[in-house]
Amino acid sequence: MKVTPTRLPDVLILEPKVFGDARGFFLESFNQKTFDAAVGRHYEFVQDNHSRSAKGVLRGLHYQVAQTQGKLVRVVSGAVYDVAVDVRRSSPTFGQWVGVELTAEGGKQLWIPPGFAHGFVVLSETADFLYKTTDYYAPQHERSIAWNDPEIGIEWPAGLVPVLSAKDSAAASLREAEVFA
């Protein structure tokens with residue numbers, strides 16, 4: 001597995017080895033030992049999620065304040081622009097973001113550790129998005145930060161007119177949000 005650091009030290013791009021020929025391909029999408037070595041510690045995953053979204057759907061920026069979740073994300077159909085934002089107030093990179101295009105063809109995965117908000121927008125006609133989490137979904141602890149908060153300044157793809165849920169439309173700014181110490 002190839003591991004590429006991002007400008008946020010704990011957020012990593014992981015690229016599994018893909019073995020392909022005229023018949024198709026094979027890749028190992030997850031291996032606990034390889035993952036632990038890549039991120040430098042052990043995380044246990046407890047839940048797998050799958051979402052399908054249409055072009056322009058923007059989900060996020062989501063995180064949980066208790067039962068914090070690390071997320072290992074990938075796209076198995078289509079393409080998304082995926083974003084992580086550091087919401088740990090004590091971190092030197094608090095409020096900073098990183099964005100990566102993930103595609104089914106590319107095979108890249110993004111590791112977003114606990115303490116980061118996460119969101120993505122669909123670039124293709126549809127996208128199937130899979131992610132593993134290190135803790136269970138707990139709606140009472142879920143929080144959202146506005147996708148277009150100028151204090152964060154995410155550079156979303158040009159011409160984006162996002163399709164948002166009611167929850168994401170009403171998301172707080174980073175300044176108003178409940179974040180980590």
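Which residues line the largest cavity? The lining consists of His62, Tyr63, Gln64, Gln69, Lys71, Ile112, Phe116 and His118, where a cavity is, on a 1 Å grid over the protein atoms alone, a set of points where a 1.4 Å probe fits but cannot get out, and lining residues have an atom within 4 Å of a point.

This is a predicted model, in which local features need pLDDT of at least 70 and side-chain atom pairs count only at pLDDT 80 or more, whereas totals for chains, interfaces and linings use all residues. Residues are numbered from 1 along each chain as its sequence is written, and side-chain values use heavy atoms, with hydrogens and water left out.

## The sheet

An open sheet is formed by 5 strands in the order E9-E8-E11-E6-E13, with antiparallel pairing. Strands (E, at least two residues) and helices (H or I, at least four) are DSSP runs numbered from the N terminus, and two strands pair if DSSP finds at least two bridges between them. At the edges stand strand E9 (97-103) and strand E13 (142-144), each of which pairs on one side only. On average, neighbouring strands of this sheet are turned by 25 degrees against each other, direction ignored; the axes behind such angles are lines fitted to C-alpha atoms, for helices over the stretch in contact, and angles run from 0 to 180 degrees between N-to-C directions. Within the sheet, strand E8 (residues 79-86) and strand E11 (residues 116-122) pair in the antiparallel sense over 7 bridges, and Asp82 stands opposite Phe120 in E11.

## The cavity and the pockets

A search of the whole structure finds 1 cavity of 30 Å³ or more, and about 30 Å³ of space lies in the largest cavity. Such a volume is the space filled by probe spheres set on the grid points, which are joined across faces, edges and corners. Strand E6 (58-64) and E11 are the elements that give two or more residues to the lining of the largest cavity, and the largest share, 3 residues, comes from E6. By class, this lining has 3 nonpolar, 4 polar and 1 charged residues, counting Ala, Val, Leu, Ile, Met, Phe, Trp, Tyr, Cys and Pro as nonpolar, Asp, Glu, Lys and Arg as charged, and the others, Gly among them, as polar.

A pocket, in contrast to a cavity, is an open set of points with protein on both sides within 12 Å along at least five of seven lines. The largest pocket holds about 290 Å³ of space and is lined by 17 residues, of which His62, Lys71, Tyr131, Tyr137 and Glu142 lie nearest its centre. E5, E6, E11 and E12 each supply at least two residues of this lining, the largest share, 4 residues, coming from E6, and the lining residues divide into 5 nonpolar, 8 polar and 4 charged.

The second largest pocket has a volume of about 190 Å³, and its lining includes Pro16, Val18, Phe25, Leu27 and Arg74. Strand E4 (24-27) and strand E7 (71-77) each supply at least two residues of that lining, with the largest share, 3 residues, coming from E7; by class, the lining residues divide into 7 nonpolar, 2 polar and 2 charged.

## Salt bridges

A search of the whole structure finds 10 salt bridges, each being a side-chain nitrogen of Lys or Arg within 4 Å of a carboxyl oxygen of Asp or Glu. The table gives three of these pairs.

| Glu15 | Lys2 | 4.0 Å |

The side chains of Glu15 and Lys2 meet in a salt bridge that links distant parts of the chain, with Glu15 in strand E2 (residues 12-15) and Lys2 in strand E1 (residues 2-5), 13 residues apart. Asp128 is buried, with a relative accessible area of 8%, whereas Arg52 is exposed at 58%; buried means under 20% relative accessible area, exposed over 50%, and partly exposed in between (1.4 Å probe, protein chains only).

Finally, salt bridges that share partners join Asp10, Asp86 and Arg88 into one network.
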